[in-house]
Amino acid sequence: MAFEGPFVPYRAYWIHYGGEVPRGGDMQFDDDAQLDPSQVEDVRAGGPQRGGGGGGMPGGCMVPIGGRGGGCLLLILAVAGLFLFGVVPSPFTGDEGGQQGGGRLPSPPPQATPSGNLAERCRTGADADQSEDCRIVGTVNSIQAYWRQAFEERGRRAYSPAKTVLFSQAVNTACGMADSAVGPFYCPGDRKVYLDLTFFGTLQRDFGAEGGPFAQAYVVAHEYGHHVQNLLGTMDKVGRNNRPGADSPSVRLELQADCYAGVWAHNAVKTGFYRAPFSQRDIDEALSAAAAVGDDSIQRRSQGRVTPDAFTHGTSRQREKWFSTGYESGDPTRCDTFSGSI
C-alpha cells in the first residue's frame, strides 16, 4: 500500500549541536578517506529554502525524531495515526509487499544552491574531524556505503541513495514547509533527510543528553533507517493508521530505525571512513541521546507525567534497547520490532 493524501511528519526526536565540531567520544575518521560531498546539499543561505519539492504534501511525510514542533506541530501530532497495520515482517526476512519508496515521488526539485562550498571544504576524513559540516558529509557517506553493501549481500533491490539537506530556520520539502523546531527528519516524498545543525544543541541544553560527535551520527543514522524502511516498503505496510500508543505501529517503526542505526554503528569501520571501531564512550553518547528523546522522558519534562497512550516513538529504555540490539548484532534481520513485545 502506498502513501496517499496529506502526509504526516515521521518525527525525528533528535536535537543538534550548533557551531564548532562537538567533542566528547573517540569517534575519528580515517584521514585519507575520500568524502563525497554530493550526498549533502547545503541550502542555508537566505531564509526558507526549497530543499526537495514543492509546497503542500504531494507524496510524503516527515519522519522526525523529537517531541517538539514548530510550523509542522499539528502534522507531527498526527503521526501516531499515520500507520494502519499492526504487524509487519522484518524487511530483511519477510515478504516485501507494497511499493518501493512509500508513495509517488514529486516533480524534480529545483537545483539547490550550495552556500557552504562543501565540495571545496569536505574532501577527506581529516576535514571531517575538523568541521561539523564535513563530519555530517562523512557520516552520510559511511551510512550509505553500509546500506548499499547490505542490500547487495542480501540480494535485495539496489540501494537508492538519499541526500541530506542542511538548512537554516526553515525549508520547503515535498512533505511541506518545516522549521528548525521540527528537528531532523526524513521526507519519503523526496527521499531526503533534513538537518538544521543548530538544533543539536537542544538535545544537550533542554533534554539533558551528553552530546558529542557520535550522538550526531546516531541521529543521522536513525533518519537513514527511515529511508531504508521506505525503500523496503515497510512504511507502506505499516500504512496510515495514525493512532498513538505504547504498542502502536508508529512506535515500532521508530524503534526499528533506532535498531538500524545501531546496525550501521557496528559495521561503520568496514565502510572505510573511520579509523577504528567506535569506542564505548561513543556508544554511550548514542545511548544518552536515545534516552533523552524517549516519549516518557520528553513527557516528564514537558507535562510532568507520563501518558503511554500518547507515545509515538517509544520509551527511553526501549530506544536504548533497540539501538543496542542493532549495535551488538550488526545484523539488520535482528531489527524486527513488529513481532512480539518491544
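What percentage of the 342 residues of the protein chain count as buried? In this predicted model, 61% of them do, where buried denotes under 20% relative accessible area, exposed over 50% and partly exposed the range in between (1.4 Å probe, protein chains only). Residues are numbered from 1 along each chain as its sequence is written, and side-chain values use heavy atoms, with hydrogens and water left out. Because the model is predicted, local features need pLDDT of at least 70 and side-chain atom pairs count only at pLDDT 80 or more, whereas totals for chains, interfaces and linings use all residues.

The protein chain contains 11 helices and nine strands; these are DSSP runs numbered from the N terminus, helices being H or I with at least four residues and strands E with at least two. Contact is defined as heavy atoms within 4.5 Å. Among contacts between residues at least 6 apart in sequence, 84% join residues at least 24 apart.

The largest nonpolar core comprises 69 residues. Such a core is a set of buried Ala, Val, Leu, Ile, Met, Phe, Trp, Tyr and Cys residues joined through side-chain atoms within 4.5 Å. Trp147, Phe214, Tyr224, Trp264, Tyr274, Phe278 and Phe323 have the most contacts inside this core. Two or more residues are given to it by each of α4 (132-153), β9 (192-195), α5 (200-205), α6 (213-232), α7 (234-238), α8 (249-267), α9 (280-292) and α11 (316-329). The most come from α6, which gives 11 residues. A second, separate core of 11 residues includes Val165, Phe167, Cys175 and Cys187.

Beyond its neighbours within four places in sequence, Tyr224 is in contact with Val140, Ile143, Gln144, Tyr159, Ala162, Lys163, Thr164 and Val193. Val219 is placed in helix α6 and is buried, with a relative accessible area of 0%. The C-alpha atoms of Val219 and Ala289 lie 8.4 Å apart in space, although the two residues are 70 apart in sequence.

Helices α4 and α8 have axes that come within 10 Å and cross at roughly 95 degrees. Axes are lines fitted to C-alpha atoms, for helices over the stretch in contact, and angles run from 0 to 180 degrees between N-to-C directions. The two helices are therefore roughly perpendicular to each other, a term for angles of 65 to 115 degrees; under 35 counts as roughly parallel, over 145 as roughly antiparallel and the rest as oblique. In this pairing, Thr139, Ser142, Ile143, Tyr146 and Trp147 of α4 meet Tyr260, Val263, Trp264 and Asn267 of α8. By class, the contact has six nonpolar, three polar and no charged residues; Ala, Val, Leu, Ile, Met, Phe, Trp, Tyr, Cys and Pro count as nonpolar, Asp, Glu, Lys and Arg as charged, and the others, Gly among them, as polar.

In helix α10 (residues 295-303), the buried residues are Asp295, Asp296, Ser297, Ile298 and Gln299. Their cover includes α8, α9 and α11.

Gln169, with a phi of about 75 degrees, lies in the loop between β5 (163-166) and β6 (170-173) and counts as exposed at 55% relative accessibility. Arg191, with a phi of about 55 degrees, lies in the loop between β8 (185-187) and β9 and counts as buried at 16%.
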